[in-house]
Amino acid sequence: MNVIRLRYGLFFLALYLLFLIVTLPAAQVYRWSVGEGGAQLYGIDGTLWRGQAQTMRIGALSLDKPAWTFRPGALLLGRTEFRVSAGLGGGGVQAVTGRSLRGALYARDLQLSAVPIDTLAALGGEPDLGLTGRIDASIDALGVSGGQLRELAGRVEANGLGMGPPLDIALGGLTLQFETDRREDRIRGV
């Protein structure tokens, strides 16, 4: 009889803890974690489970209306995972991102659509070289471990490339296909 009560008690305790996590305000979680990851969020609304912000800044890069949804199924694999989306320089980005138990960061199903090339150049800290054009990407897998890019697989297309004033030169387009060769521990782009 006592074993049954203990099981029910543990079950309801687990449900209560799940309820607390689901309803935990995202703004409070952000205040607890300020300084980690280098990202700054403004205008946070919602919960840890599902929320959004007005703006997210990562260095010189600004993302508009970032939104996230927690993916609890990944916990069974020892990962924390979110589906994220945001506006980026007039285009958009969406992905499933996460972190493994060993601390490796990853993204999959990463989609960039119509992102201006100068926006991505700012991400790399490059000065404005007057490049024009848009980037579209479909990245199947991206992995970072120990501060280094360890995995990259997918396709990146640059369309309408050119040099702006005073040169005004049309350069056309470029398509790169990336793959990770695990045997040689290298990433190739073709």
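Mentor: Let's go through the stretch from strand 6 to strand 8, then step back to the whole chain. Keep in mind that this is a predicted model, where local features need pLDDT of at least 70, side-chain atom pairs count only at pLDDT 80 or more, and totals for chains, interfaces and linings use all residues. Residues are numbered from 1 along each chain as its sequence is written, and side-chain values use heavy atoms, with hydrogens and water left out.

Start with strand 6 (residues 79-88), which pairs with strand 7 (residues 91-100) in the antiparallel sense over 10 bridges. Pairing here requires at least two bridges found by DSSP, and strands are DSSP runs of E with at least two residues, helices runs of H or I with at least four, numbered from the N terminus. Across this pair, Phe 82 sits opposite Thr 97 of strand 7. Two residues link the strands into a hairpin, and Gly 89 there has a positive phi near 60 degrees.

Strand 7 also pairs with strand 8 (residues 105-116), again antiparallel, over seven bridges. Gly 98 has Tyr 106 in strand 8 as its bridge partner. This hairpin has four residues between its strands, with Gly 103 in the turn at a positive phi of about 95 degrees.

Stepping back, the chain has three helices and 12 strands. Its radius of gyration (over C-alpha atoms) is 21 Å, well over the 16 Å from the globule rule (2.2 Å times the number of residues to the power 0.38) for 190 residues, so the chain is more spread out than a compact globule. Its C-alpha atoms fill a box of roughly 80 × 45 × 25 Å along the principal axes.
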